[in-house]
Amino acid sequence: MKKLTRQFRVDPGDTVDLKQRPTLLDPVYANKREYQQHLASHVERMSKLQSLLYASNAHAVLVLFQGMDAAGKDSCIKHVMSGINPQGCQVYSFSHPSPHELKHDFLWRTTRDLPERGRIGIFNRSHYEDVLIVRVHPEILAAQSLPDDGKDDRIWAERYRSITGLERHLYGNGTRIVKIFLHISKDEQKKRLLDRIDTPEKNWKIAPSDIAERKHWKAYRKAYEEAMAATSTRDVPWHIVPADDKMSARLFVSHIILETLEGLNMQFPETTPERRAELLAMREHLAAD
């Protein structure tokens, strides 16, 4: 699977053409039972590495998910992170900025929720929304009350620089960022939206705005292509994961996260002679109690 997920990576300088990127590959599992076994194995390894991440206290891991509506972000987070200790992992979702958030610079609302060392943070959508939905819907940009009213086309290049600058700063201070774009086809999105309409238990997951946003498919695709090409770096690359098959997508994502955690080469803190003496003293105290 490592060879496969390597193909999903966007290397620095790559031109991103989503029409040339697959949304569906042959399944990496023979049947549902095998899928569950693979995912359970990934989750178990991830759980052990999370404990090591917390104990070593040298790095933080931020996993951010982007994708078109119904790409499977929620379900991917639910299944892939199912075995993670909730005390060491936090999930944040970012939708349209609130009036209070609009009073700050565009990076403010996400940077305040960054994970601390030893922890894993999950962003369901992220600071990239301000070069995606904001670009597709200029009225949101106008509400940000920028000095030049946001009419200067250089704003997107400037925001890309701000984003890569922030991510470079975080990387240099120990945060490893895993950027996942769940790549779904327009036909598959239609199927999933219809399923939300036709299945009573899923009715709550769809709104008229979801249907209206499909009209902007090409605009979103262009915004994603330019954003990923401009912000995929050697240390913080984008991964464009085929997502028409949800189960394969979950296995791909869990593998990418595992590679990131394993690449940290973490160790449990060494027990010094002084610490060993302290432990023995505590043991003697407990034995005599």
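**Helix packing and salt bridges in the predicted model**

H255 lies in helix α11, which covers residues 246-262. The model described here is predicted. At 14% relative accessibility, H255 falls under the 20% limit and therefore counts as buried. Apart from its neighbours within four places in sequence, H255 is in contact with M1, K2, T5 and H42.

Helix α11 as a whole is mostly covered, with twelve of its 17 residues buried. These are S248, A249, R250, L251, F252, V253, S254, H255, I256, I257, L258 and L261. The cover over them includes α1 (2-6), α2 (32-56), β2 (60-67), α3 (73-80), β5 and β6 (238-242). The end C-alpha atoms of α11 are 24 Å apart, which agrees with the 24 Å that its 17 residues should span at 1.5 Å a residue.

Of the contacts between residues at least 6 apart in sequence, 81% join residues at least 24 apart. The chain exposes about 15800 Å², and carbon and sulfur atoms supply 50% of this area.

Helix α7 comprises 18 residues, 155-172, and reaches 26 Å from its first C-alpha to its last, close to the 26 Å expected at 1.5 Å a residue. Its buried residues are I155, W156, R159, Y160, I163, T164, L166, E167 and L170. Viewed down the axis of α7, these residues fall within an arc of 170 degrees, so they line one face of the helix. They pack against α4 (108-111), α5 (133-136), α6 (138-142), β5 (175-183) and α10 (217-231). The exposed residues R161, R168 and G172 are carried on the face turned away from the buried side of α7. Just after the helix, G174 takes a positive phi of about 100 degrees.

A search of the whole structure finds 15 salt bridges. One of them joins R45 to E262, with the closest N and O atoms 2.7 Å apart. This pair links distant parts of the chain, since R45 is in helix α2 and E262 in helix α11, 217 residues apart. Both partners count as partly exposed, R45 at 34% relative accessibility and E262 with a relative accessible area of 36%.

R112 forms a salt bridge with E101, the closest N and O atoms being 2.9 Å apart. R112 lies in the loop between α4 and β4 (120-124) and E101 in the loop between β3 (89-93) and α4, so the pair ties together parts eleven residues apart in sequence. R112 is partly exposed at 44% relative accessibility, whereas E101 is buried at 15%.

In helix α12 (residues 273-288), E278 and R275 are three residues apart and are thus separated by about one helical turn. Their salt bridge has its closest N and O atoms 2.4 Å apart. E278 is partly exposed at 41% relative accessibility, as is R275 at 38%. Elsewhere, D69, R125 and E129 are linked in a network of salt bridges.

I211 is found in helix α9 (residues 208-213) and counts as partly exposed at 42% relative accessibility.

Methods:
Residues are numbered from 1 along each chain as its sequence is written. This is a predicted model: local features need pLDDT of at least 70, side-chain atom pairs count only at pLDDT 80 or more; totals for chains, interfaces and linings use all residues. Side-chain values use heavy atoms; hydrogens and water are left out. Helices (H or I, at least four residues) and strands (E, at least two) are DSSP runs, numbered from the N terminus. The expected span of a helix is 1.5 Å times one less than its number of residues. Buried means under 20% relative accessible area, exposed over 50%, partly exposed in between (1.4 Å probe, protein chains only). The arc is that of the directions from the helix axis to the C-beta atoms. Contact means heavy atoms within 4.5 Å. Accessible areas come from the Shrake-Rupley method with a 1.4 Å probe; for residues, only the protein chains shown count as cover. A salt bridge is a side-chain nitrogen of Lys or Arg within 4 Å of a carboxyl oxygen of Asp or Glu.
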